[in-house]
Each structure stands twice: as structure tokens, then as C-alpha cells.
Amino acid sequence: MTMKKIEAIIKPFKLDDVREALSDVGITGMTVSEVKGFGRQKGHTELYRGAEYMVDFLPKVKLDIVLGDEDVERAIDVIVKTAQTGKIGDGKIFVTDVERVVRIRTAEEDEEAI
């Protein structure tokens, strides 16, 4: 069996909705990280104590999900439909190959370790 890793960068307020939607289609294992970045959004200006300053890196959430090939398209569809607002900065999804997975507790490997 071949495995893939999905890295999805989404807006923080969409995290709970995406997690629930993935769970509803049977995808439950994921790692979530708070990250900062920018793309076309290019940050924004904020006012603090009367002074305006530029915020280049915007807060985002990154989901890391490792799953079998057969679940990849379903996961991508769910993430896109749930995280999409139609506004700039909705995020990106990256899909890469995973060669090996090992569960530390049991030493199970690959599909059994997911």
C-alpha cells in the first residue's frame, strides 16, 4: 500500500469545522500546528497605541495527515469544501509521498501504524 501526507494550511477559525468534517468521513488522525506565513495576502497593517505597523506574517493552522492513497481525494475534497471562504488567504494543500510509518509504542509499520 502506498501512503501520502497531506499538509493543509488553513485559517485558524476553520480548524474545528475541518476536523469535524474529516471525522465524519472517517479520517481522524492528524497533527495540528499553529504557523505563520503569507502568500498573495501579503499581511496587513494594524494600529497599536496610535502607531500603524505592518504585520507581514499572518496566523494560520497547519494540519498534517498521513493516510492511504484511497483516502487522499476524499480528504482533499472535505478540506477544500469546509475551509473555503472564497477570500484571499484561505490556504493551500500539499500532498507528498510517505515511504514509511512506524508506531513507536508497538513498532507496527505503515498502514497498521496509521
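Modeller: Start with one term: two residues are in contact when heavy atoms lie within 4.5 Å. Keep in mind that this is a predicted model.

Biologist: What does the overall layout look like, from the N terminus on?

Modeller: Read the order of elements. From the N terminus, they run β-α-β-β-β-β-α-β. That comes to 2 helices and 6 strands. Buried residues make up 32% of the 114 residues.

Biologist: How many contacts join residues at least 24 apart?

Modeller: Take contacts between residues at least 6 apart in sequence; of these, 70% join residues at least 24 apart.

Biologist: How many residues does α2 have, and what span does it reach?

Modeller: Compare the end-to-end span with the expected one. Helix α2 has 15 residues and reaches 22 Å from its first C-alpha to its last.

Biologist: At what angle do the axes of α1 and α2 cross?

Modeller: Look at distance, angle and hand. The axes of α1 (residues 15-24) and α2 (residues 69-83) come within 9 Å and cross at roughly 145°. The crossing is right-handed.

Biologist: Which residues of α1 and α2 meet there?

Modeller: From α1 come Asp17, Val18, Ala21 and Leu22. From α2 come Ala75, Val78, Ile79, Thr82 and Ala83. By class, this contact has 7 nonpolar, 1 polar and 1 charged residues.

Biologist: On to charges. How many salt bridges does a search of the whole structure find?

Modeller: Side chains of opposite charge can pair when their charged atoms come close. The search finds 8 salt bridges here. One of them joins Lys5 and Asp64, at 4.0 Å from N to O.

Biologist: Why does the pair of Lys5 and Asp64 tie together parts apart in sequence?

Modeller: Check which element holds each partner. Lys5 is in strand β1 (residues 3-10) and Asp64 in strand β5 (residues 58-68), so the pair ties together parts 59 residues apart in sequence. Lys5 is partly exposed, at 26% relative accessibility. Asp64 is buried, at 16%. Both belong to a network of salt bridges that links Lys5, Glu7, Lys62 and Asp64.

Biologist: Where in the chain are the salt bridge partners Asp90 and Lys11?

Modeller: Their side chains meet at 3.6 Å, N to O. Asp90 lies in the loop between α2 and β6 (91-98), while Lys11 lies in the loop between β1 and α1. The two are 79 residues apart, and the pair links distant parts of the chain.

Biologist: Are Asp90 and Lys11 buried or exposed?

Modeller: Asp90 is buried, and Lys11 is buried too. Now take Arg103 and Glu108: their closest N and O atoms are 2.6 Å apart in a salt bridge. Arg103 is partly exposed at 25% relative accessibility, and Glu108 is partly exposed at 30%.

Biologist: Last, a single residue. Where does Gln84 lie, and what is it in contact with?

Modeller: Gln84 sits in the loop between α2 and β6. Gln84 is exposed, with a relative accessible area of 51%; the cut-off is over 50%. Leaving aside neighbours within four places in sequence, Gln84 is in contact with Lys14, Ile79 and Asp90. Lys14 is 70 residues from Gln84 along the chain, yet their C-alpha atoms are separated by 8.6 Å.

Notes: Residues numbered from 1 in each chain as written. Predicted model: local features only at pLDDT ≥ 70, side-chain atom pairs only at ≥ 80, totals over all residues. Heavy atoms only, no water. Axes fitted to C-alpha atoms, helices over the stretch in contact; angles between N-to-C directions. Helix = DSSP H or I, 4+ residues; strand = E, 2+ residues; numbered from the N terminus. Left-handed = near helix turned anticlockwise from the far one by under 90°. Nonpolar A, V, L, I, M, F, W, Y, C, P; charged D, E, K, R; others polar. Buried < 20%, exposed > 50% of the residue type's maximum accessible area, 1.4 Å probe, protein only. Expected span 1.5 Å × (residues − 1).
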